[in-house]
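Trainee: Could you take a close look at one part of this model with me? I'd like to go through it slowly, one residue at a time.

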Amino acid sequence: MTGALDLPHLKSWIGKTRSVTDTITPRLAASLAAILDEPAELAEGDPAPAGIHWCLSPDIAPMSGLGPDGHPARGGFLPPVPLPRRMWAGGRLRFHGNFRVGERIRRDSTIKDVEAKEGRSGALCFVTVAHEYHGEAGPVLGEEHDIVYREITPTVLPEPPAAPARGEIRAGIEATPVLLARYSAVTFNGHRIHYDRDYTRDVELYPGLIVHGPLQATYLLRMARDTFGAMPARFDFRGRSPLFDGQTFSLEARRDGDDRLALWAAAQNGVVTLEAEAWRRA
């Protein structure tokens, strides 16, 4: 029940800020490019791969500072929400420029909101974090990142659609454990649901390893960039259903005029797992 959450205490984190810096090294950019199956011969000054910002400035905690799920222990910058399952719910991106290899990036982060809701599986707590990324020439990206915390309950998957939606632009990605492990490595993400099958099945009650939400979003962001011929000015996305390893999932896009794309990722059975919208102009 949401009443079990000390919401006033959790809301006291609203307004908390943090600034960190990182560099888009050629090795980091090449690593993400290789994961995306793109040419990895990148030099300083080259455009960085789509989604590189999710590889920058990760929380680096010692092994003794990790929680049972592999994330850094609760508290610190993020509020200590006591619900055990943490998930990436979605986000909103506003691009002001391009990330480039070799650039030093400062990320200014602010806890924007903390809200409790009641879902079908029990209490939910949403934490929204605003990030501003600044490069050497000025602002590059504004991001709002939604995190949801919830109870651990057996996973109830949606029924496959009788007629899965199909886009006019399509691609397929094989969700292998190696793909998930490499993306966890390049983002320094220790969350065990992406690589520890026993933990994922026995503790978090999922039937398979989880494909990262940001990885799905990265593929769709790249699809939008390639369709527009440049990075979109706006890109919004939200998770709809877990996506598991051991299948080929699809990336789909449909044009809505010249300046907007509807995009989605779907499991092999047609269930939409992540949906997005991209706009060529702000």
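In which loop is Phe188 found?

Mentor: Happy to. Keep in mind that this is a predicted model. Phe188 is found in the loop that runs between helix H3 (177-186) and helix H4 (197-202). Its relative accessibility is 48%, so Phe188 counts as partly exposed, the cut-off for exposed being over 50%. The backbone deserves a look too: Phe188 is a residue other than glycine, and its phi is positive, near 50 degrees. As background, most residues other than glycine have a negative phi.

You will find Ser57 in the loop between helix H2 (26-35) and strand S2 (85-95). With a relative accessibility of 9%, Ser57 counts as buried. Setting aside residues up to four places away in sequence, Ser57 touches Val20, Thr21, Asp22 and Arg107.

For a residue in a strand, turn to Ile169, which lies in strand S6 (residues 169-175). Ile169 counts as buried because its relative accessibility is 18%, and buried means under 20%. Beyond its neighbours within four places in sequence, Ile169 is in contact with Met223, Thr227, Leu251, Glu252, Ala253 and Arg255. Take Arg255 from that list: 86 residues separate Ile169 and Arg255 in sequence, while their C-alpha atoms are 8.6 Å apart in space.

Methods
Residues numbered from 1 in each chain as written. Predicted model: local features only at pLDDT ≥ 70, side-chain atom pairs only at ≥ 80, totals over all residues. Heavy atoms only, no water. Helix = DSSP H or I, 4+ residues; strand = E, 2+ residues; numbered from the N terminus. Buried < 20%, exposed > 50% of the residue type's maximum accessible area, 1.4 Å probe, protein only. Contact = heavy atoms within 4.5 Å.
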